[in-house]
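Please look through the sequence and the model displayed below.

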Amino acid sequence: MEHLQQSFTVQYNFNVFFTSALFSVENDLFKNFLAGLNPAKAVKKIFFVIDEGVANAHPDLSQNIKKYFSKYNLTQLVEDILVIPGGEIVKNETQYFDKVLQAVNTYGIDRHSFIAAIGGGALLDMVGYVANVSHRGIKHIRIPTTVLSQNDSGVGVKNGINYFNKKNFLGTFSPPVAVFNDDSFLNTLSDRDWRSGIAEAIKVALIKDGEFFEWLEANAEAMANRDIEAMNYQIWKCAKLHMEHIRSGDPFESGSARPLDFGHWSAHKLEYLTNFEIRHGEAVAMGIALDTIYSQLSGRISSHDSQRIIKLIQALGLELTHPLLQVTADNSPILRGLEEFREHLGGELTITLLTGIGSGEEVHEMDTELLRQAAEILNHHSNLRSII
């Protein structure tokens with residue numbers, strides 16, 4: 001029998017824009033983006049899905065979108081803007097996936113149309129997944145509205161929902177055609193959501209950029225006190241580092257290494273164990289703290305560097321640990337996160353640990369006894385802080 005073989009390369013391009021009041025009629029950024037599209041691939045329709053929390057915090061948003069498209073008249077706006085809950089529930093309960101899918105069918109959203117999602121990372125993940133599985137791929141736009149999503153998931157290439165009680169069990173790799181980071185959405189965030197998103201900045205600085213970590217240390221108080229200029233720079237730098245990693249690394253994770261998931265193996269499990277009462281960013285901060293102390297105990301980083309990291313997490317008002325992060329036995333619930341992480345990676349456990357501030361290395365096993373010690377140390381730190 002003859003043998004045929006073929007290979008091809010697909011080029012992906014997307015822009016991340018930074019702006020304020022995106023749908024003010026005086027702001028022509030979105031209009032210019034649509035106008036700059038290839039006329040041969042003109043967008044016929046655009047359909048918006050909005051996070052309910054965002055809609056409540058910005059009650060004029062839907063009307064502003066309609067006014068914007070009425071003024072510029074570049075493409076057909078689907079007048080029925082879909083508002084659904086945000087947060088992890090939208091990824092856990094398939095009824096919301098079905099609602100967006102039904103709207104795609106009802107309004108005739110095809111490959112030459114857009115689905116634009118406005119909300120936090122969970123909603124962006126779910127809507128992006130709908131876009132990718134509908135008609136084998138509808139173009140999608142992300143408009144992240146939280147610090148966490150503007151820092152991290154909103155500028156990435158992943159889409160998905162949770163299934164079998166496992167985070168992102170169903171999903172795709174496909175970048176959006178554009179991301180619009182609008183800082184006006186950050187003004188209505190609670191202090192908890194404002195601060196928790198910074199955990200992803202700590203993560204990317206620790207594994208990619210020591211100078212950025214120093215900047216975070218110097219500006220922790222300003223960010224904790226809601227300084228928008230400091231926050232805007234932090235978001236821009238975070239997005240830049242994430243996009244550079246996507247370009248230079250393994251964007252669709254065909255291998256087993258996921259350095260951008262530093263601190264995430266325990267964070268993902270903790271979210272589930274607390275029924276998502278712990279925010280993703282809060283869980284990531286705790287996961288970073290755990291893997292930082294483990295890196296120290298295993299001789300990879302100095303006590304001085306580990307304490308700088310712990311101090312920064314605390315300076316931002318984030319917790320270091322949670323009772324469910326304690327490793328009391330080989331069958332401790334949090335340890336199941338390692339096995340689920342291994343499965344998610346394709347069979348080989350690969351965890352990034354720190355070798356310095358700004359650098360890391362991959363390991364393929366974790367010592368349970370060192371994890372237990374690391375968890376105890378963090379619990380001690382946390383107790384001292386509560387006493388003080």
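In this predicted model, the side chains of E88 and K167 meet in a salt bridge, with 2.8 Å from N to O, where a salt bridge is a side-chain nitrogen of Lys or Arg within 4 Å of a carboxyl oxygen of Asp or Glu. The pair links distant parts of the chain, since E88 lies in the loop between β4 (82-84) and α4 (89-92) and K167 in strand β8 (residues 166-173), 79 residues apart. Helices (H or I, at least four residues) and strands (E, at least two) are DSSP runs, numbered from the N terminus. E88 is buried, with a relative accessible area of 14%, and K167, at 14% relative accessibility, counts as buried; here buried means under 20% relative accessible area, exposed over 50%, and partly exposed in between, with a 1.4 Å probe and protein chains only. E88 and K167 are also linked with E271 in a network of salt bridges.

Because the model is predicted, local features need pLDDT of at least 70 and side-chain atom pairs count only at pLDDT 80 or more, while totals for chains, interfaces and linings use all residues. Residues are numbered from 1 along each chain as its sequence is written, and side-chain values use heavy atoms, with hydrogens and water left out.

The structure holds 16 salt bridges, and one of them joins D110 to K44, the closest N and O atoms being 2.6 Å apart. D110 lies in the loop between α5 and β5 and K44 in the loop between α1 (29-35) and β2 (45-51), so the pair ties together parts that are 66 residues apart in sequence. D110 is buried, with a relative accessible area of 18%, whereas K44 is partly exposed, at 47%. The loop between α5 (94-106) and β5 (114-119) also contains S113, which is buried with a relative accessible area of 0%. The side chain of S113 reaches the backbone nitrogen of K45 at 3.5 Å.

A further salt bridge is formed by D152 and K203, whose closest N and O atoms are 3.4 Å apart. This pair, too, links distant parts of the chain, with D152 in the loop between α7 (147-151) and β7 (158-163) and K203 in helix α9 (residues 199-208), 51 residues apart. D152 is buried, with a relative accessible area of 16%, and K203 counts as buried at 1% relative accessibility.

Helix α14 (residues 303-315) has 13 residues and reaches 18 Å from its first C-alpha to its last, close to the 18 Å expected at 1.5 Å a residue, the expected span being 1.5 Å times one less than the number of residues. Its buried residues are D305, S306, I309, I310, L312 and I313. They cover an arc of only 160° around the axis, which puts them on the same side of α14; the arc is that of the directions from the helix axis to the C-beta atoms. On the other side of α14, H304 and K311 are exposed. Just after α14, G317 takes a positive phi of about 80°.

On the surface, F8, V10, Y12, F173 and F252 form a nonpolar patch with about 520 Å² of accessible area together. Patches are made of residues with over 30% relative accessible area and no salt bridge, like charges being joined within 9 Å and nonpolar side chains (Val, Leu, Ile, Met, Phe, Trp, Tyr) within 5 Å. F252 is found in the loop between α11 (228-248) and α12 (264-273) and is partly exposed, with a relative accessible area of 31%.

Definitions and conventions: Areas by Shrake-Rupley, 256 points an atom, 1.4 Å probe, with all protein chains shown as cover. Polar contact = N/O pair within 3.5 Å; in protein donor to acceptor, adjacent residues only side chain to side chain.
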